Amino acid sequence: MENRTALLCALCSVALSGAGLAGEELPAFPGAEGFGAISQGGRGGKVIHVTNLSESGPGSFGAALQTKGPRIVVFDVGGTIELKDELHIQGDNGRITIAGQTAPGGITFIGGTLCFPGWQRSKAHRTPDIIVRHLRVRGVHGHSTHSEGGDCMDIYRAERVIIDHCSFTGSCDETVDACHTQQYTFQWCTIEEPALWGQGNNQHAEGSHNYAFIFSYDAKNVSCHHNLFVHSSNRNPLITKGIADVRNNVCYNYHIGLAAGGTDPFNVIGNYGTGKSHLLLMYANFLSRSSGDPEITGFYDNYEKLDA
């Protein structure tokens, strides 16, 4: 209880101090790195408590997402929140910190997709400042049938985003999507065992789509570091446009590892892979509006072991 109280006090302190430091690029939290580290999240806003494991209604996580204005979401309960479908923040309602580390024993979402925001998002502007930490997401695996599969998390047309210490598994299609998004960090996360076609009622029109992570379309400026990709056949990750910094990731049991596209600079440093092909595959023009190979500005200290 004492540790939990101290953590809540620290979160409130950050929220209050942020109001007097407007305009300064403070790190999102200690240990935040990369392009998304400048995210403000809900700094300076209200602290909202999740007090039950319902999908919606008073005291629920869904209600916290829909609250307007800057907000820091903390959990007074731990356990599993079962989703009937996608759970969204609205495209014009960013400025949110989701502090999963406050949940006693942790918090898990199962049965649907978390959308921060999702694919319904208009093209008017990008949703700003999203921080997501210490969540477990188990996607749609075993819960429903989607003709195009179902992701664990979608982030569509956002900016200044950081995903930290989260675990994703059991989805079909990509496990995590980040499209039309800028200044994004994906760090210290695991993506494990996306579903094959037909497993747990998961289906995709293109067949098996047990893929890991895509960063695509007019997305740019991504940091992907200290992550674990396990038993994903492809897109570990797929980044179709830089600038990209991909460091210190482990990719195990894959058919295609890191796939890079576009012509922007890429750093690929200190990664470890063991799978069916070389760790780095370059797409000349895959979902990127350019031709030619990416500029690999740094490629060293990587290790790959090809399966026989």
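Buried means under 20% relative accessible area, exposed over 50%, and partly exposed in between (1.4 Å probe, protein chains only). By that rule, Asp164 and Arg133 are both buried. This is a predicted model, in which local features need pLDDT of at least 70 and side-chain atom pairs count only at pLDDT 80 or more, while totals for chains, interfaces and linings use all residues. Residues are numbered from 1 along each chain as its sequence is written, and side-chain values use heavy atoms, with hydrogens and water left out.

**Salt bridges**

- The structure has seven salt bridges, each a side-chain nitrogen of Lys or Arg within 4 Å of a carboxyl oxygen of Asp or Glu.
- Asp164 and Arg133 form one of them, at 2.8 Å from N to O.
- Asp164 is in strand E11 (residues 158-164) and Arg133 in strand E8 (residues 127-133), so this pair ties together parts 31 residues apart in sequence. Helices (H or I, at least four residues) and strands (E, at least two) are DSSP runs, numbered from the N terminus.
- Arg235 bridges to Glu174, with the closest N and O atoms 2.0 Å apart.
- That pair links distant parts of the chain, 61 residues apart: Arg235 sits in the loop between strand E18 (228-230) and strand E19 (238-239), Glu174 in strand E13 (residues 173-179). Both Arg235 and Glu174 are buried.
- Asp245 and Arg247 meet at 2.7 Å, N to O. Asp245 is buried at 19% relative accessibility, whereas Arg247 is partly exposed at 29%.

**Aromatic pairs**

- There are seven aromatic pairs. Rings of Phe, Tyr and Trp (its six-membered ring) pair if their centres lie within 6.5 Å; planes under 30 degrees apart are stacked, over 60 edge-to-face, and the rest tilted.
- Phe61 and Phe109 make a tilted pair, 4.9 Å centre to centre with 50° between the planes.
- Phe61 lies in helix H2 (residues 61-66) and Phe109 in strand E6 (residues 107-110), so the pair ties together parts 48 residues apart in sequence. Phe61 and Phe109 are both buried.
- Ring pairs link Phe168, Tyr184, Phe186, Phe213 and Phe215 into a cluster.

**Charge over ring**

- The charged end of Arg133 sits over the ring of Phe29, 3.7 Å from its centre. The rule asks for NZ of Lys or CZ of Arg within 6 Å of the ring centre and within 35 degrees of the ring normal.

**Cysteines**

- The disulfide count is zero, a disulfide being a pair of cysteine sulfur atoms within 2.5 Å.
- The Cys166 sulfur is 4.8 Å from the closest cysteine sulfur, in Cys189, too far for a bond.
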